[in-house]
Amino acid sequence: TDDEENQETSETTAEITSDFLAGSWNAEGGVGGRVFEFYSDGSSGKYNMNESGLGLPFAYDLSNGTITFHFGAADTDPESGAIDCTGENSFIIRWEDGNTEIFTRIG
């Protein structure tokens, strides 16, 4: 029906905001094995590699469909990628190096 088509379209074209990102996300593909926690402050968080339990800090910026991560305090080479909402609890980042990661909400 038209209502179902409109709902599906709105889910895939929703803008990614810091409120949407707040929480924990499992990342698959690309580097893989990472769990990201985006803080509700809208600019930072931490991530774990391979469920190591060690939370490594990051800061991020959202601008015009792009997310830029600054990993660690002395990061001089930030990582950027196009970010697209794929549903209520998932999004994709297409990194500049061509890798893609799918993020699924876990908390």
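A strand here is a DSSP run of E spanning at least two residues, with strands numbered from the N terminus. The model in these views is predicted.

View A. With a relative accessible area of 17%, Ser 90 falls under the 20% cut-off and so counts as buried. Its side chain has a polar partner: the side chain of Thr 86, at 2.6 Å. Skip the neighbours within four places in sequence, and Ser 90 is still in contact with Phe 20, Trp 25, Cys 85 and Phe 103.

**View B. Arg 94 paired with Asp 84.** Arg 94 belongs to β7 (residues 90-95) and Asp 84 to β6 (residues 79-87), so the pair ties together parts that are 10 residues apart in sequence. Are these two buried or partly exposed? Arg 94 is partly exposed at 39% relative accessibility, and Asp 84 is partly exposed too, with a relative accessible area of 35%.

**View C. Arg 34 paired with Glu 101.** The side chains of Arg 34 and Glu 101 meet in a salt bridge, 2.6 Å from N to O. Since Arg 34 is part of strand β2 (residues 34-38) and Glu 101 part of strand β8 (residues 100-105), the pair links parts that are 67 residues apart in sequence. Both Arg 34 and Glu 101 are buried.

**View D. Glu 37 paired with Lys 46.** Side chains of opposite charge can pair when their charged atoms come close. In this close-up Glu 37 forms a salt bridge with Lys 46, and the closest N and O atoms are 3.9 Å apart. That still makes the count because the cut-off for a salt bridge is 4 Å. Glu 37 is partly exposed, its relative accessible area being 29%; Lys 46 is also partly exposed, at 32%. The salt bridge count for the model comes to three.

**View E. Strands β3, β4 and β5.** Now for some strand pairing. Strands β3 (residues 44-49) and β4 (residues 56-63) run antiparallel and are joined by four bridges. Within this pairing, Ser 44 stands opposite Ala 59 of β4. β4 also runs antiparallel to β5, with six bridges joining the two. Here Tyr 60 stands opposite Phe 69 of β5. How many residues lie between β4 and β5 in their hairpin? There are two, and Asn 64 in the turn has a positive phi of about 50°.

**View F. Thr 68 in strand β5.** Zoom in on β5 (residues 66-71) and you'll find Thr 68. Thr 68 is buried, with a relative accessible area of 17%. The side chain of Thr 68 makes a polar contact with the side chain of Ser 80, at 2.8 Å. Leaving out residues up to four places away in sequence, Thr 68 touches Ala 59, Tyr 60 and Asp 61, plus Pro 78, Glu 79 and Ser 80. Two of those names turn up in View E as well: Ala 59, which has Ser 44 opposite, and Tyr 60, which has Phe 69 opposite.

Methods. Residues numbered from 1 in each chain as written. Predicted model: local features only at pLDDT ≥ 70, side-chain atom pairs only at ≥ 80, totals over all residues. Heavy atoms only, no water. Buried < 20%, exposed > 50% of the residue type's maximum accessible area, 1.4 Å probe, protein only. Polar contact = N/O pair within 3.5 Å; in protein donor to acceptor, adjacent residues only side chain to side chain. Contact = heavy atoms within 4.5 Å. Pairing = 2+ DSSP bridges.
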